[in-house]
Amino acid sequence: MHELSIIANLFELLEEQAGKVGANKITLVKLKVGVLSGVVPELLQTAFDIYKKDTLAAEAELVIEKVPLRMICQNCHQETIRNDIIFTCSFCGSSQLEKKEGTELILEKVELEIDE
Ligand SMILES: [Zn+2]
């Protein structure tokens with residue numbers, strides 16, 4: 001499962017961040033996942049729940065924001081926003097589109113708790 005290796009990398013990053021600031025608990029993790037990122041949000045959630053046990057993020061909540069595909073038509077210059085992966089302009093039907101958004105997988109936010 002592709003998602004499991006993404007989550008493994010994510011946890012490396014999280015533990016590094018937590019270590020830097022001396023946090024002993026991760027409470028929230030927010031990811032932005034584009035429809036074209038090749039990642040299935042539901043699988044990401046499952047992988048996160050499996051992986052978080054016995055880590056600083058054991059009680060953390062994972063929030064996944066799905067980013068639709070945003071494209072600019074090279075023919076009529078209109079913007080098309082889609083939640084599926086059909087690459088045609090909604091206005092003129094052209095397939096000459098420039099992808100602006102929807103391919104990303106970003107760690108947007110982490111909330112940590114630091115006990116004195
Ligand atoms: Zn168009």
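Student: Two strands pair if DSSP finds at least two bridges between them; how many bridges join strand 3 to strand 5?

Tutor: Four bridges join them, and the two strands run antiparallel. Strands here are DSSP runs of E with at least two residues, helices are runs of H or I with at least four, and both are numbered from the N terminus. The model is a predicted one, in which local features need pLDDT of at least 70 and side-chain atom pairs count only at pLDDT 80 or more, while totals for chains, interfaces and linings use all residues. Residues are numbered from 1 along each chain as its sequence is written.

Student: Which residue of strand 5 does Cys73 face?

Tutor: Cys73 is placed opposite Leu97 of strand 5.

Student: And how does strand 3 pair with strand 4?

Tutor: Strand 3, residues 69–73, pairs with strand 4 in the antiparallel sense, again over four bridges. Within that pair, Ile72 has Glu79 of strand 4 opposite.

Student: What is the strand order in the sheet?

Tutor: The order is 4-3-5, in an open sheet of three strands with antiparallel pairing. Strand 4 (79–82) and strand 5 (97–101) each have a single partner strand, so they stand at the edges and one side of each lacks a neighbour in the sheet. On average, neighbouring strands of this sheet are turned by 30° against each other, direction ignored; the axes are lines fitted to C-alpha atoms, with angles running from 0 to 180 degrees between N-to-C directions.

Student: Which residues of strand 3 are on its covered face?

Tutor: Leu69, Met71 and Cys73 are on the covered face, whereas Arg70 and Ile72 are on the uncovered one.

Student: Changing topic: which residue in the hairpin of strand 3 and strand 4 has a positive phi?

Tutor: That is His77, with phi near 65°, in a hairpin that has five residues between the strands. His77 is not a glycine. Most residues other than glycine have a negative phi.

Student: Is His77 buried or exposed?

Tutor: His77 counts as exposed because it has 10 C-beta neighbours inside 10 Å. The cut-offs are 20 or more other C-beta atoms within 10 Å for buried and 12 or fewer for exposed, with partly exposed in between; C-beta atoms are placed from the backbone.

Student: Where does Asp54 lie?

Tutor: Asp54 belongs to the loop between helix 2 (41–51) and strand 2 (61–67). Its phi is positive, near 65°, and Asp54 is a residue other than glycine.

Student: Why does Asp54 count as exposed?

Tutor: Asp54 counts as exposed because it has 7 C-beta neighbours inside 10 Å.

Definitions and conventions: Two strands pair if DSSP finds at least two bridges between them.
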